[in-house]
Amino acid sequence: MQKYFDKILIANRGEIALRIIRTCKEMGIKTVAVYSTADRESLHVRFADEAVCIGPPASAESYLNIPKIMAAVEITNADAVHPGYGFLAENADFAEVCAEYGIKFIGPTPSQIRKMGDKITAKETMIKAGVPVVPGSDGLLKDVKHAKSVAEGIGYPVMLKATAGGGGKGMRIVWKEEELESAWNMARKEAKASFSNDGIYAEKFIEEPRHIEIQVAGDQYGTVIHLSERDCSIQRRHQKLVEESPSPFMTDKLREEMGEAAIRAGEAIRYEGVGTVEFLVDKHRNFYFMEMNTRIQVEHTVTEEVIDHDLIKEQIKLAAGEKISGGNYIPTLHAIEVRINAEDPFNGFRPSPGNISSFHSSKGHGVRVDTHVYAGYTISPYYDSMIAKLICRAQTREECIKKMARALDEFIIEGVKTTVPFHQLLMKNERFKNGDFNTGFLNEWDFEAEAKALLGTKK
Ligand code: MV4
């Protein structure tokens, strides 16, 4: 068997670190875990061939600390780094430091990361590549006066967005001119505080959009393919809760058009590795480029399930210079992922860290659980609150929802509050079952009332 790398250091923690270690083992590649003192007892530390403690719990002093990670690379003699998601995954400076040390960063090049990291640059690149974008300002807005004249031209409602943003930060909807000045000031302030960059641009506000993203893969020779879509419209405050593939809103024609647009997006920057092109899709099935994620994502699993390919393996092969052979992938099955977080859905999804006293994960045909958690594990308040990803796969969406409901019923997690009851209600919701939802769904759905009604009927 061809050896792509000798030893990969995983610059991450939790389930994604475990996920990457699994694939490395299957490929005969040695692994190095890094960990903070809060993660001493973690499974990624136990399952890796070697492990290096890189500091105290605070991410800035451990998982986000480039010198400490590079020191771990050096002492273990790793020849590649996998950044996972979050932390340093989209940090172009980190990718650059890796390159300077002769270490392969498993992901795109620093310049590819930068081109997509700045949203105005990304949008300009997409316009040149013929990818549809939301109508908006021609680059940065100079001042409120400029913002007002641009908004007038686009027509209200408009959205102000931070060019350094993404994921909802520094974003403001403006319904009418009178609101523009205060929205402008707030967006600038938030952008400056979050990104030390207060550059703002404007777009037409797309009402009740769906969030549909296309998984792409590019090799080092300019070939880019797509691996179909994921529908991530079930979100709360820009946190995805459920993802699925195919999208219930998708048609063969729309998939072909969005797939081709995503390929053009990747080709425009000669994208290397796996990535995701996010689109807003309106009710008329017009779609608009939103942003590109230059990393593996949490929800990559649903694509893996519907096309039966290991995306971490693809990342490693592409990073090692393997050519893409073959075309695009169209799903034949249906997969849904729900994120089980240590949060209380009946208390505003408030984080509920703590010790998990008992843990039994769902099992059975078509059921996959990606988790780093076991009975006795403590969810730390220092990191994100994800306990497990529960992924179900079936022949049809209807069967997949039934399987998910069954799998949720047998998941036992005690000691912390979880999002399991929320997902149980969702699998019974008529609008969800009909595929009739968009990014506004969770604002409209009173699931607490639905929960009370269900309890009432049980008595
Ligand atoms: C939009 C939009 C409507 N119109 N842009 C949210 C996160 C950031 N990546 C961009 N986002 C949005 N941009 C225009 N011109 C609506 C959203 C949006 C959203 C997008 C995807 C998933 C969930 C969302 C929830 C609220 C707003």
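Strands here are DSSP runs of E with at least two residues, numbered from the N terminus. With that in hand, let's start at glutamate 343, which is found in strand S15 (residues 343-344). The model you are looking at is predicted, so local features need pLDDT of at least 70, side-chain atom pairs count only at pLDDT 80 or more, and totals for chains, interfaces and linings use all residues. Residues are numbered from 1 along each chain as its sequence is written, and side-chain values use heavy atoms, with hydrogens and water left out.

Glutamate 343 is buried (under 20% relative accessible area, 1.4 Å probe, protein chains only). Even so, glutamate 343 has no salt bridge, meaning a side-chain nitrogen of Lys or Arg within 4 Å of a carboxyl oxygen of Asp or Glu. Arginine 236, the nearest side chain of opposite charge, is 6.1 Å away. What the glutamate 343 side chain does have is a polar contact with the side chain of serine 385, at 3.0 Å (N or O atoms within 3.5 Å, one able to donate a hydrogen and the other to accept it).

Now turn to the ligand. Of the 17 residues around it, those that come nearest are Lys161, Glu203, Lys204, Ile206 and Glu291 (a heavy atom within 4 Å counts as near). Lysine 161 places a polar side-chain atom 2.9 Å from a ligand nitrogen, and glutamate 203 also has a polar side-chain atom 2.9 Å from a nitrogen of the ligand. Isoleucine 206 uses a backbone N or O atom instead, 2.8 Å from a ligand nitrogen. Strands S6 (158-162), S8 (200-204) and S13 (287-293) each give two or more residues to the shell.

Note on methods: Helices (H or I, at least four residues) and strands (E, at least two) are DSSP runs, numbered from the N terminus. Buried means under 20% relative accessible area, exposed over 50%, partly exposed in between (1.4 Å probe, protein chains only). Lys and Arg count as positive and Asp and Glu as negative; His and the chain ends are not counted.
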